[in-house]
Amino acid sequence: MNYNVNEKGYYGEFGGAYIPEMLYPNVEELRQNYLKVMAEESFQKEFRELLKDYVGRPTPLYFAKRLSEKYNTKIYLKREDLCHTGAHKVNNTIGQILMAKRLGKTRIIAETGAGQHGVATATVCALMGLECIVFMGEVDIKRQAPNVARMKMLGAKVVPAKSGSKTLKDATNEAIRDWINNPVDTHYIIGSVVGPHPYPDMVARFQSVISEEIKTQLKEKESRENPDFVVACVGGGSNAAGAFYHYLETPEVGIIAVEAAGKGIDSGESAATSALGKVGIIHGSKTLLMQTADGQITEPHSISAGLDYPGVGPMHANLFASGRGEFISITDDEAMEAGLELCKLEGIIPAIESSHALAIFETRKFKKDDVIVVNLSGRGDKDLDTYIKYFNL
Amino acid sequence: MNRIKNTLSENKKLLSIYFTAGYPKLDDTIEILQQLEKSGVDLIEIGLPFSDPLADGPTIQASSQESLENGMTTDLLFQQLKDVRNTVSIPLIIMGYFNPVLQFGVENFCKKCAEVGIDGLILPDLPLAEYEEHYAKIFKKYGLLNIFLITPQTSKERIRQIDTASKGFIYMVSSASVTGSSDGFGKEQENYFERIASLKLNNPLIVGFGIQDSKTFSQATLHTNGAIIGSAFIKMLSEKGFAGISSFIKSIR
C-alpha cells in the first residue's frame, strides 16, 4: 500500500485538482515545476540554511519525563513550538517563498485562520522583500488582534474576508478569488496540506523535515529510528503530514491523528471531519469534508482556530479510509485540561491545537515501554486570551 | 437534436442570461425563465447555488447565499423545473459547482436533467481530465452537453484540447477575473476575443464575465457568437424585480 501521492495527484481516491479553468495555468505551472525546483541543489541549500539559521532547526526532541511518569509510558515531544514565529507553519512558508521566487512571482497571497500561517507568510515576505496580502475572516480579525498587528508590523496587508461565515474557509475562498484575478505575478502560499494537487504534496514535503529530524534524534536517544506511535493534531493537517511523512510506509509505526470534537461530535459544533465528513470537493481537492446532504459545506467549530476547518487534507482522508491512521477526536474541554497539564508538568505552554494531541493520554492507553512522539506543533502565546477566559486566570 | 445546437446554428449574436435559482424568492425560478424567453433571450443558465462559489464575485456570492437561506436545494430545483418544458422552449443549462452534483450522484443528477429538459451543464470546478475519464459517458447517455471554460491565460494547445472535448459551445471568460468585476472592455480584451476567433475552432464561442450593457455586449460579440450576462442581471433583479426583466433585455441587444 502506498500512502503518498500518485502521479495523478491522488492519495487513494482523494486529492486531484478540482479547480476552475481560470486557475489551471497557475496550478499547472506549479505542478510541472515543484519537484524539479525542490530537487535543485541550490534550492535545497538555501532552504536548509534558512531552516537552520532563521527558523532555528533542528527543533529539539524532548523526553517529557514527568508527563511520561503520569501516563506510565515514554512520551517525547517534538518541539515545533520553538520554531521562529511559534509554530511549524514557517517550515512551509520558507519553502514556498523560495519556490515563488524561482517561478518569478513578485506578489504573495495567503489565507489565515488564527493568524499563525498569516504571520509565517508575512515573515518570509519581509525576509525576501516581496509584497504580501493576507486574507483573514472578518470574525477572526476581531478575535485574533495580536496576530493582525504582527502581520501589519511585518509589512503585510490584511484583507478582511466578508463572505459566508467570515472565517478560515471564507478567507481561503477570497485568496483563491484573488489568484483568479491575478494569474500572472502572484503565488498563493496555502498554509496546509489542502487545496488542489500539487499543494498537499508540496506542503507535506516542506513539513517532512519534522519526521526526518525525529528519526535522527530518536536514534540518538533510544537507539532506534522508529517510535511505536507518532501523534499529531489535524485541522487541514500540515503538522501531522510532516510528523507522519517518513513513517507512512513503515507499518510498525502507529499513526495517530487527533481531530477537534469541539463541544462533542454529536453537538452540532464540531470539527471532527473523519467522524462527520463525507467525500466531496473543498478548495479544489476531493477529500472528506463536513457538508449537508445537499453538498453545501457546513461551519465547523473548535476552540482552537487552527483546527476550525470543515475539511481535512487528502493524505489524511486516505490514512483514515485505508485504516493506516488511527483517528481520535478530543473535545474543547479535554484539550484545555491537557494544555494546562503540560504547563504544570513540563513548564511548556502549548498551542491549543497541540493540546488536542496531548489530550489522548487520558483515554488512549499505551504500554509502559511504548515510545510515543507527540508533535508539539506550536506554542500557546497566541492562545493566552482563550486560556485566561477558560480558566478564569 | 439538442436545443443548444439548434440555437447555435441560428445566424445571430446570442444573448444568454445567468440567474441564481431561488433568488430573490425561492419560487421565482419558473417566472424568471418564462419572462426571459418572452423578452427574447436565446439561452438561459440556471444557477444551482453553492455555499462556496470560488469563481464568483460578490453579486453572485450574495445571491447564492440568500438562495440557500431561502431553502433552495438540488431536489427542489428539479421539482420546480418539472413542467418547465410546457412553457419554455429555449435551451436551458444548469450552472453550478461540482460538489452538490457529486452528493446528488452524477448519474442521478444527469438523469433528472434529462427528465425535466435541461440541455447542458457548466460545472467550472469539474476539470477536463476528470470529466473525460469518469463522467463523459454519463453526460452522453442523457444527452447533456458539458460546457468548458477558457480564459486569456489558457494555452493554445489546451484550447485545442477543450475544443475537441466540447460538443456545444466554448464559454470564453473575458478576462482574468471572478464574475461581475469588469468596468468595461479595453484593447487587451478585444485582442483576446480576436485572437481566439482567429483560431477557427470547431465550437462557437460565447463570452462571459464582465458583460453588463449593450456596449460590452457588442464588444464581446464582435468576433464571437454571443455573450452571457449574470451579475448585472441579478443586480437589476434585486432592484426592480420581474418588472425590470423585459426592459433590461431590450436595452442589451
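Author: Domain bounds here come from an automatic or database domain assignment. This is a predicted model, where local features need pLDDT of at least 70, side-chain atom pairs count only at pLDDT 80 or more, and totals for chains, interfaces and linings use all residues. Residues are numbered from 1 along each chain as its sequence is written, and chains are lettered from A and ligands numbered from 1 in the order in which they are written.

Reader: What separates the centres of domain 1 and domain 2 of chain A?

Author: Domain 1 of chain A takes 10-50 + 89-202, and domain 2 takes 56-87 + 208-391. Over C-alpha atoms, the distance between their centres is 22 Å.

Reader: How many residues of domain 1 of chain A are in contact with domain 2 of chain A?

Author: Two residues are in contact if their C-beta atoms, placed from the backbone, lie within 7 Å. On the domain 2 side of chain A, 34 residues take part. On the domain 1 side of chain A, the number is 34.

Reader: Which helix of chain A gives the most to the side that touches chain B?

Author: Helices (H or I, at least four residues) and strands (E, at least two) are DSSP runs, numbered from the N terminus. In this interface, 25 residues of chain A are in contact with 30 residues of chain B. α8 and β11 (278-282) of chain A each supply at least two residues of the chain A side. The top contributor, with 6 residues, is α8(A).

Reader: Is strand β14 of chain A enclosed or open, and why?

Author: A residue is buried if 20 or more other C-beta atoms lie within 10 Å of its own, exposed if 12 or fewer, and partly exposed in between; C-beta atoms are placed from the backbone. In a regular strand, side chains alternate between the two faces of the sheet. In β14(A), V371(A), V373(A) and N375(A) are buried on one side, and I372(A), V374(A) and L376(A) on the other. Because 6 of the 6 residues (371-376) are buried, β14 of chain A is largely enclosed.

Reader: Which residue of β14(A) is the bridge partner of Y76(A)?

Author: Two strands pair if DSSP finds at least two bridges between them. β4 (residues 74-79) of chain A runs parallel to β14(A), with 6 bridges. Y76(A) has as its bridge partner V373(A).

Reader: Which residue of β14(A) does V231(A) stand opposite?

Author: β9 (residues 229-233) of chain A also runs parallel to β14(A), joined by 3 bridges. Opposite V231(A) stands V374(A).
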